[in-house]
Amino acid sequence: MQKQAIFQSKLLPYALVAPQLAIVLIFFYWPALQAVIQSFLLQDAFGLSTSFVWFENYVELFGDRAYFEAIVRTFFFSFAIAVSSLSFALLLAVMADKPLRGSMLYRTLLIWPYAVAPPVVGVLWIFMLHPSLGVLSRYLRGLGVDWNPLLDGDQAAALIILAAAWKQISYNFLFFLAGLQAIPKSVLEAAAIDGARPMRRFWTVTFPLLSPTIFFLLVVNIVYAFFDTFGIIDTMTRGGPGKSTETLVYKVYSDGLLGGNLGSSAAQSVILMIMVIVLTGIQFRFVERKVTY
């Protein structure tokens with residue numbers, strides 16, 4: 001027997017949904033619409049007047065080499081952050097799923113980093129790996145590594161990827177652990193009886209059964225790398241050195257708020273939104289085929 005909610009008033013369901021709809025409309029759809037409108041406008045240097053310029057902001061962007069470099073850099077950062085955070089989170093989840101003494105404390109400590117805000121993560125890692133004040137920098141110099149992310153663009157990019165991946169590992173760990181605990185033990189026991197070794201059981205039984213969790217986390221991590229790494233970049237490198245860590249979301253901020261070019265910034269935000277939608281659609285269209293539900 002299925003239970004069905006019956007409302008005494010026809011307006012009550014709409015009243016219950018109205019607050020959530022209002023929040024979505026005010027804080028999501030209205031700013032998105034404003035960005036689309038602003039992308040077709042050109043504002044003077046003093047912000048006193050605007051003129052409608054059609055697609056001029058978009059044409060200027062696609063003729064800018066620095067913008068294409070930011071696109072390539074963003075995709076590279078997203079791939080590196082997603083792969084590294086998912087890999088380490090899966091490894092930690094497999095270890096935490098074993099019957100170990102103090103496993104609850106181990107799991108709790110792994111969850112804590114997710115509660116740290118991205119700007120705080122940036123501050124923590126820049127303190128540890130600052131070229132002159134960082135604790136870990138001293139060990140790197142002791143090993144003969146000329147560590148200076150303030151001047152070396154590749155080292156700065158590696159630092160951003162490391163900090164962003166560390167921030168996301170806890171989130172991925174929670175879902176991987178839940179997915180592992182949902183796998184029937186009888187399936188793994190049957191594979192063990194058939195003679196499959198632990199590594200073979202993982203790749204032939206555990207990993208395919210985790211595919212829905214992996215697919216979900218892949219989408220979430222790509223979106224995270226595109227947008228939520230802004231706070232980490234802003235506190236650690238501010239897009240430098242030499243714009244080597246300037247991603248699309250940070251370029252929107254730097255061109256709009258710092259540079260005062262609101263039309264170009266709005267056009268960049270619209271393109272970024274379209275890119276994320278298309279990328280998510282591609283993942284659902286092609287990657288989901290390999291998911292076993």
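Guide: What follows is a set of questions about the labels used for this structure, each answered with its value and its cut-off.

Guide: This is a predicted model, in which local features need pLDDT of at least 70 and side-chain atom pairs count only at pLDDT 80 or more, while totals for chains, interfaces and linings use all residues. Residues are numbered from 1 along each chain as its sequence is written, and side-chain values use heavy atoms, with hydrogens and water left out.

Visitor: What makes up the secondary structure of the protein chain?

Guide: The chain has 13 helices and two strands. Helices (H or I, at least four residues) and strands (E, at least two) are DSSP runs, numbered from the N terminus. Along its principal axes, the C-alpha trace spans about 75 × 75 × 35 Å.

Visitor: Why is Phe77 called buried?

Guide: Buried means under 20% relative accessible area, exposed means over 50%, and partly exposed is in between (1.4 Å probe, protein chains only). Phe77 has a relative accessible area of 3%, so it is buried. Of the 293 residues in the protein chain, 38% count as buried.

Visitor: Why is the pair of Phe76 and Phe77 called tilted?

Guide: A pair of aromatic rings is described by the distance of the centres and the angle of the planes. Rings of Phe, Tyr and Trp (its six-membered ring) pair if their centres lie within 6.5 Å; planes under 30 degrees apart count as stacked, over 60 as edge-to-face and the rest as tilted. A search of the whole structure finds 19 aromatic pairs. For Phe76 and Phe77 the centres are 6.1 Å apart and the planes are at 55°, so the pair is tilted.

Visitor: What makes Phe175 and Phe216 a tilted pair?

Guide: Their rings are 5.1 Å apart, centre to centre, with 50° between the planes, so they pass the distance limit and take the label tilted. Phe175 lies in helix α7 (residues 153-182) and Phe216 in helix α10 (residues 211-227), so this pair ties together parts that are 41 residues apart in sequence. Phe175 has 32% relative accessibility and counts as partly exposed; Phe216, at 37%, also counts as partly exposed.

Visitor: Which residues form an aromatic cluster?

Guide: Phe40, Phe52, Trp54, Phe55 and Tyr58 form one aromatic cluster.

Visitor: Why is Phe28 called exposed?

Guide: At 55% relative accessibility, Phe28 is over the 50% limit and therefore counts as exposed. Phe28 is found in helix α1 (residues 12-38).

Visitor: What makes a set of residues a nonpolar core, and which residues have the most contacts inside the largest one?

Guide: A nonpolar core is a set of buried Ala, Val, Leu, Ile, Met, Phe, Trp, Tyr and Cys residues joined through side-chain atoms within 4.5 Å. The largest has 20 residues, and those with the most contacts inside it are Ile81, Ile232 and Met236. The elements giving two or more residues to this core are α3 (65-96), α5 (118-128), α7, α10 and α11, and α7 gives the most, with six residues. A second, separate core of 19 residues includes Ala35, Phe226, Ile271 and Leu272.

Visitor: What is Ile81 in contact with, leaving aside its neighbours within four places in sequence?

Guide: Contact means heavy atoms within 4.5 Å. Ile81 is in contact with residues including Ile161, Ala164 and Tyr224, once neighbours within four places in sequence are left aside.

Visitor: Where is Arg238, and is it buried or exposed?

Guide: Arg238 is found in the loop between α11 and α12. Its relative accessible area is 58%, over the 50% limit, so Arg238 is exposed. Arg238 also has a positive phi of about 55° although it is not a glycine.
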